[in-house]
Amino acid sequence: MPESLPPEFQQIEAVAHDFARAVLLPLKERAASGGLDDEAARQQVIEASKAAGFFRMTQPAEYGGSEAGTLALVVTHDALASHNPRWLADVFGPGPGVLANVGEPLKSAYLAPLLEGHKRAGFGFTERDDAPHYTRAERDGDELIISGQKSYVTRGAEIDFLNTLMEVGDEGRAFVAIDTDRPGVSQERVFGSIDGTQHAAFKFENVRVPASHIVGVPGEGMPKAMRQIGNTRLMMAAEAVGRARWVIAHLTGHLRRLEQAGGVKESVRLRYGELRIKVYVARSALYRAARLDATGENSVNEGIAAKVFATETLSEVVDEAIQLGGGAALETDHPLAVLYNESRVMRVAEGLSDVLRLNMARGALDLGKGTL
Ligand SMILES: Cc1cc2nc3c(=O)[nH]c(=O)nc-3n(C[C@H](O)[C@H](O)[C@H](O)COP(=O)(O)OP(=O)(O)OC[C@H]3O[C@@H](n4cnc5c(N)ncnc54)[C@H](O)[C@@H]3O)c2cc1C
């Protein structure tokens with residue numbers, strides 16, 4: 001639990017709080033007053049994060065990373081997010097993702113440049129609902145010929161290659177690394193989502209890539225995707241818990257001011273108490289799931305529980321804080337208005353809440369997995 005972390009994790013937590021206060025919050029303030037553009041701020045976050053040791057937490061030791069475990073990453077995300085910073089995602093460098101443990105030629109051509117920051121990768125998983133067929137590859141000698149589409153690739157306009165999930169003949173699904181400048185690859189659309197992030201939709205028309213760009217073997221694609229999404233899910237839960245703690249602190253300040261000005265109604269106190277209960281439970285579930293993961297136990301269901309509860313709690317807490325705070329909180333740049341949009345996205349990205357609920361039921365009823 002967060003109160004009884006071993007000393008090395010308490011140290012990580014303290015450093016994360018210092019980093020948020022010394023780097024992230026001043027940058028946020030400068031950007032808000034117009035003194036810094038978004039890209040320059042991101043670069044400063046990356047440089048400061050490298051110096052502080054956060055940037056390489058997600059990277060293997062072979063590439064100079066510290067290979068921090070799940071609990072260390074959860075502690076860091078929770079602590080940083082509790083200051084409600086911007087550019088939280090930029091604090092952490094690229095991890096290997098679905099390219100973890102690949103051999104040659106993928107190791108030199110994609111994994112190493114990715115971890116060294118020379119190339120940027122996208123995650124090509126989601127398909128358009130109205131796609132004519134699922135993205136697929138046919139073998140042609142030593143090559144694959146790929147056709148299809150991916151609809152929602154985060155930072156798609158900036159990437160050099162896309163790890164793309166597809167059917168390979170009738171052998172099963174696999175990720176294939178595709179350079180975005182290959183003939184036949186086109187960006188159909190670049191768009192933003194309400195949390196301020198940018199994405200792109202890609203189309204593949206008879207794109208030829210060497211068959212050696214298949215990650216692992218066909219049939220391993222979905223398990224790799226689920227592992228990758230599962231890892232990021234717990235970090236999203238940690239971010240949601242941290243930001244929810246920030247909202248509670250913000251709301252507490254607001255209610256204390258109201259108290260001094262004449263008192264807080266019983267009905268408002270009731271709602272405030274309920275929100276505190278939810279955040280307490282969300283944080284407890286997060287650390288329990290992280291500890292279970294650290295033991296090497298299967299913790300897919302516990303990660304799902306933490307993600308769904310934490311992101312839904314954040315949404316509720318933000319919504320109520322706006323309601324109790326009044327119209328000022330709906331000005332476009334107000335932190336609660338920004339969080340309102342960000343928290344809405346978190347209930348969809350890395351697994352829709354209802355789809356994850358169905359996965360929970362399947363885990364227990366069909367696979368006998370999951371603890372209570
Ligand atoms: C900010 C953001 C970033 C993203 N980044 C990426 C990225 O980098 N790469 C990528 O590949 N994707 C990305 N996505 C896409 C994301 O993974 C999908 O939006 C998400 O998985 C939901 O899929 P969908 O949008 O196709 O909705 P759908 O799956 O079509 O779901 C829509 C509705 O159908 C219901 N539903 C869906 N499946 C089932 C089921 N099996 N049983 C019952 N009901 C079901 C849901 O409850 C929901 O109400 C991103 C999304 C967001 C919002």
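Modeller: Let's start with a word we'll need: a residue is near a molecule or strand if one of its heavy atoms lies within 4 Å of it. Before we look around, this is a predicted model, where local features need pLDDT of at least 70, side-chain atom pairs count only at pLDDT 80 or more, and totals for chains, interfaces and linings use all residues. Residues are numbered from 1 along each chain as its sequence is written, and side-chain values use heavy atoms, with hydrogens and water left out.

Biologist: Okay, which residues come nearest to the ligand?

Modeller: Of the 18 residues around the ligand, those are Phe 123, Phe 125, Thr 126, Tyr 152 and Thr 154.

Biologist: And how do I read a polar contact there?

Modeller: Look for a pair of N or O atoms within 3.5 Å; within protein, one must be able to donate a hydrogen and the other to accept it, and residues adjacent in sequence count only if both atoms are side-chain atoms. Here, a backbone N or O atom of Phe 125 is 2.8 Å from a ligand oxygen atom. Thr 126 has a polar side-chain atom 2.7 Å from a nitrogen atom of the ligand, and a polar side-chain atom of Thr 154 also lies 2.7 Å from a ligand nitrogen atom.

Biologist: Now the rings. What describes a pair of aromatic rings?

Modeller: You give the distance of the centres and the angle of the planes. Rings of Phe, Tyr and Trp (its six-membered ring) pair if their centres lie within 6.5 Å; planes under 30 degrees apart count as stacked, over 60 as edge-to-face and the rest as tilted. A search of the whole structure finds five aromatic pairs. Take Phe 19 and Phe 54: their ring centres are 5.2 Å apart and their planes at 70 degrees, so this pair is edge-to-face.

Biologist: Are Phe 19 and Phe 54 buried or exposed?

Modeller: Both are buried. Buried means under 20% relative accessible area, exposed over 50%, and partly exposed in between (1.4 Å probe, protein chains only). Next, Tyr 110 and Phe 161 make a tilted pair, with 4.6 Å centre to centre and 55 degrees between the planes. Tyr 110 is buried at a relative accessible area of 2%, and Phe 161 is buried at 0%.

Biologist: Which residues do ring pairs link into a cluster?

Modeller: Phe 123, Phe 125 and Phe 175.

Biologist: What about a charge over a ring?

Modeller: That needs NZ of Lys or CZ of Arg within 6 Å of the ring centre and within 35 degrees of the ring normal. The charged end of Arg 173 sits over the Tyr 134 ring, 3.8 Å from its centre. Arg 189 lies over the face of Phe 191, 4.3 Å from the ring centre.
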